[in-house]
Amino acid sequence: MSAQTVLMDFVLQENFDPSSCEQIVKDMLEGQLAKGEKDSNILKLEMRHSGHLVDTVMYSSQEDMMIMIRIDKMEKLLTINIDGPHLAPTGSQFKDNNLKKKAQLFHHPNDLVKFEGLMSSQLGVDRSGVLPVLVRGMELSPYWTTTDDRIVECSIKSVLHQEISEYQKIQILDTIDFGRTLVLDGQVNLSEADLIYTRTLMNYEEYGGADILILGGGDGALLSQLLAAEPSPGHVTMVELDPAVMTAVAMHMPAVAGGVLDSLDGARHDIIVGDAVKHLERCREEGKQFDFVFGDLTDIPIDTDKDGKDVWDFISRILELSFLCIKPGGKYLTHVTGKAASASKQMFREKVKEAARKAEKDVEISFTEAFVPSFMEVWIFAQITIWPAQRPH
């Protein structure tokens with residue numbers, strides 16, 4: 001079950017009359033409803049309120065449609081909010097499959113834009129706007145938010161796989177724009193269209209003969225690309241906590257994993273199912289060091305306040321232990337956050353410096369960026385070179 005919302009706004013002329021504007025809106029909506037079931041869709045006044053700055057009126061129809069008309073007298077802004085079980089088709093089969101009834105208000109996806117144009121003409125306005133029909137209450141929402149809280153919509157075709165593992169909710173979606181897409185706990189992880197993500201994370205380094213550690217990376221994309229690099233690395237170890245992610249990706253996203261998740265070891269790689277922190281602690285105890293360590297774990301928090309403290313503490317611990325397990329001149333490579341979250345990038349820089357002090361290392365940090373298709377925003381990546389403290393200059 002789901003519901004729909006239509007949002008329209010009109011900037012009125014200087015000499016507008018609120019009562020006349022309301023009447024135009026009511027008449028046009030009743031005329032639109034009359035194209036469907038006559039006699040059953042006459043609007044009923046539910047509430048009227050005249051405020052100091054804003055006048056508000058609400059109407060209902062017999063088919064559970066609610067219409068709120070608000071006129072801001074100072075800003076000369078008329079807004080219309082319409083809620084109902086099925087106001088209009090969206091043009092998306094994934095969204096419209098959840099709507100059981102015949103469309104109440106608009107019968108074709110482009111009817112809403114035409115209606116906005118007619119309403120603008122009747123009101124005599126030059127500026128107006130309408131959003132696409134919003135579908136709410138779906139089990140899987142197609143609306144995602146970027147790191148700066150912009151709403152973006154994913155063109156979902158179907159859900160190919162869904163399960164709740166010991167650690168997280170795992171979904172694999174089939175989408176029009178990005179192909180198959182891995183979603184973990186409601187957050188996009190990687191899609192078939194996101195090769196740029198993996199290559200930017202790799203930073204086009206020289207990996208010939210290198211000993212490499214991947215922390216996380218359960219989608220297999222990074223491991224697959226490293227093993228395909230020329231000249232080839234000496235050995236790659238991947239440590240992934242959740243085997244269910246690897247199983248799901250191997251089955252439903254083979255183009256991303258490239259077959260590397262089909263077994264836990266190969267001629268030049270091995271996959272360890274386990275905790276990244278514990279593995280780093282073991283490497284430190286054994287004196288094991290790497291040329292490159294990849295942090296392909298959780299995203300850093302968007303907020304820099306105490307609400308993200310547990311995640312920041314985890315990232316700080318990963319950084320410190322990783323720095324202790326990297327050879328002099330080696331690198332720690334990781335994804336950071338969306339470009340729009342500048343405060344989080346600065347916080348990450350501070351955490352890197354703090355971890356370097358604890359590990360008694362000198363570090364050089366640089367950043368690169370790339371637009372990641374399924375994220376629908378520019379993402380920041382970090383490259384951290386590790387040196388002994390007080391190295392010669």
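In this predicted model, helix α9 supplies the largest share of the lining of the largest cavity, four residues. Residues are numbered from 1 along each chain as its sequence is written, and side-chain values use heavy atoms, with hydrogens and water left out. Local features need pLDDT of at least 70 and side-chain atom pairs count only at pLDDT 80 or more, while totals for chains, interfaces and linings use all residues. Helices (H or I, at least four residues) and strands (E, at least two) are DSSP runs, numbered from the N terminus.

The structure holds two cavities of 30 Å³ or more. A cavity is a set of points, on a 1 Å grid over the protein atoms alone, where a 1.4 Å probe fits but cannot get out; lining residues have an atom within 4 Å of a point. Grid points are joined across faces, edges and corners, and a volume is the space filled by probe spheres set on the points. The largest cavity has a volume of about 100 Å³. Its lining comprises 12 residues, with G295, T298, I315, Y332 and T334 nearest the centre. At least two lining residues come from each of α9 and β18 (326–338). By class, this lining has eight nonpolar, four polar and no charged residues, where Ala, Val, Leu, Ile, Met, Phe, Trp, Tyr, Cys and Pro count as nonpolar, Asp, Glu, Lys and Arg as charged, and the others, Gly among them, as polar.

Helix α9 (residues 309–324) also meets helix α8 (residues 276–286), their axes coming within 9 Å and crossing at roughly 25 degrees. Axes are lines fitted to C-alpha atoms, for helices over the stretch in contact, and angles run from 0 to 180 degrees between N-to-C directions. The two helices, α8 and α9, are therefore roughly parallel (angles under 35 degrees). Contact (heavy atoms within 4.5 Å) joins A276, V277, L280, E281 and R284 of α8 to F314, R317, I318, L321, S322 and L324 of α9. Seven of these contact residues are nonpolar, one is polar and three are charged.

The lining of the second largest cavity divides into five nonpolar, one polar and two charged residues.

How values were computed:
Parallel < 35°, antiparallel > 145°, perpendicular 65-115°, else oblique. 1 Å grid on protein atoms, 1.4 Å probe; cavity = no way out; pocket = protein on both sides within 12 Å on 5 of 7 lines; lining within 4 Å.
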